[in-house]
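Hi,

Here is the structure I promised to pass on.

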Amino acid sequence: MAADLIARLLELKGQAPSIPFPGDERELDALRVKYLGKSGIIPLLSREMAGLPKEQKPEAGKLLQEVRAAVETIINNATHKLKVEKIQKDIDGEFFDITLPGAEPSFGARHPLTAVMDEIAGIFTGMGFQIEEGPEVESDYYNFEALNFPPDHPARDMQDTFHLPDVKRLLRTHTSPVQPRAMERYGPPLSVLAPGKVYRCDSDVTHSPVFHQVEGFTIDRKVTMGDLKGTLQTFIHRLYGPKTNVRLRPSFFPFVEPGAELDVSCIICGGKGCRVCKNTGWLEVLGAGMIHPNVLKSGNIDPDTWSGFAFGMGIERLAMLKYGVDDIRLFYENDMRFLRQF
Ligand code: DAH
């Protein structure tokens, strides 16, 4: 019986090279069951081996391992080959139309207000201004008091302020509070441009409760109204073209003295008169003036040594004029048909 087992193992080993290579999944399964299944040849022989005399076990064990390895090699090779064949078959059966048009991703772009803001910032940084930002939740002090609005000054009524419940704080109504903040922080000489969001309780086709302003100012020794006019003229020529005329008209703002408003010749009709300029030929675009001595003092700057000019403008209005947009709300609705035009 023992000799018989070894003889059978030797025979099996001899037959191994001629085991037919499985051609499909079914034949592969049959081979696996025949040799390795629960009642397959190898498990059966392995159980028989238990009855062998001790000294024959190593030889029988070695033979059995060789048979098992030979069978497993065939099974592994066949498994791999069948898998590769299946992938190739799937590829061959697939049709990929390389002439189909691709799906184009939609590109993002700068919002027109951002574009105008960036353009303005670029013009002024080119003239040596540094960019500063202040908080949108501002104190009554910086928004009004430091800008020479006394507590009961009627000019405060010009600003439709959103007050916060704690009385002393509000949503800034303009970017001018960056003036005293930057003065305190840096001291003179100083040229600052402060873009940002501002808030006023006001809403119609040309007013939005949230809008954008750019504030600018220069402080140095012997700064004059001439410096203000030259700076603003250069700015307007860069923004709207060198043919645009500018003029300053006297006006009042508590934080400047003298105060002025700057008009540009109508960029729609070139000054001939049209609906946009209400037939005057001029458009008002910004407020400006010489910084009031009281404001310099609030910023710890001595008005006997230093002087400065300041100006402030609304971005929406500049953008509406530049692009011929007549309803401010279009800027905030984010309708792609509108935004794609810029
Ligand atoms: N802060 C003013 C406003 O919101 C705009 C302004 C006017 C700013 C005159 C200035 C200025 O710096 O000199 O209407």
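Let me start with helix α8, residues 225–240. With 16 residues at 1.5 Å a residue, α8 should span 22 Å, and its end C-alpha atoms are 22 Å apart, which agrees. (The expected span is 1.5 Å times one less than the number of residues; helices are DSSP runs of H or I with at least four residues, strands are E runs of at least two, and both are numbered from the N terminus.)

Before going on, the ground rules: this is a predicted model, where local features need pLDDT of at least 70 and side-chain atom pairs count only at pLDDT 80 or more, while totals for chains, interfaces and linings use all residues. Residues are numbered from 1 along each chain as its sequence is written, and side-chain values use heavy atoms, with hydrogens and water left out.

Back to α8. Its buried residues are L228, T231, L232, F235, I236, L239 and Y240 (buried is under 20% relative accessible area, exposed over 50%, partly exposed in between, with a 1.4 Å probe and protein chains only). Viewed down the axis of α8, these fall within an arc of 135 degrees, so they line one face of the helix (the arc is taken over directions from the helix axis to the C-beta atoms). They pack against α5, β6, β7, β8, β9 and α10 (contact means heavy atoms within 4.5 Å).

As for the ends of α8, T224 caps the N-terminal one, with a side-chain oxygen 3.1 Å from the backbone nitrogen of G226. After the helix comes G241, with a positive phi near 100 degrees.

α10 has I315, E316, L318, A319, M320 and L321 buried. Among the elements covering them are α8, β5 and α11. G324 follows α10, and its phi is positive too, near 65 degrees.

Now the ligand: 15 residues surround it, the closest being H174, S176, R200, Q213 and E215 (the cut-off is a heavy atom within 4 Å). The side chain of S176 has an N or O atom 2.9 Å from a ligand nitrogen. Ligand oxygen atoms lie 2.9 Å from a polar side-chain atom of Q213 and 2.6 Å from one of E215. Alone, the ligand exposes 360 Å², and the protein buries 91% of that (Shrake-Rupley areas, 1.4 Å probe).

Finally, S191 sits in strand β4 and is buried at 18% relative accessible area. Its neighbours in contact include G128, F129 and T218.

Cheers

Definitions and conventions:
Polar contact = N/O pair within 3.5 Å; in protein donor to acceptor, adjacent residues only side chain to side chain. Lists of a residue's contacts leave out its neighbours within four places in sequence.
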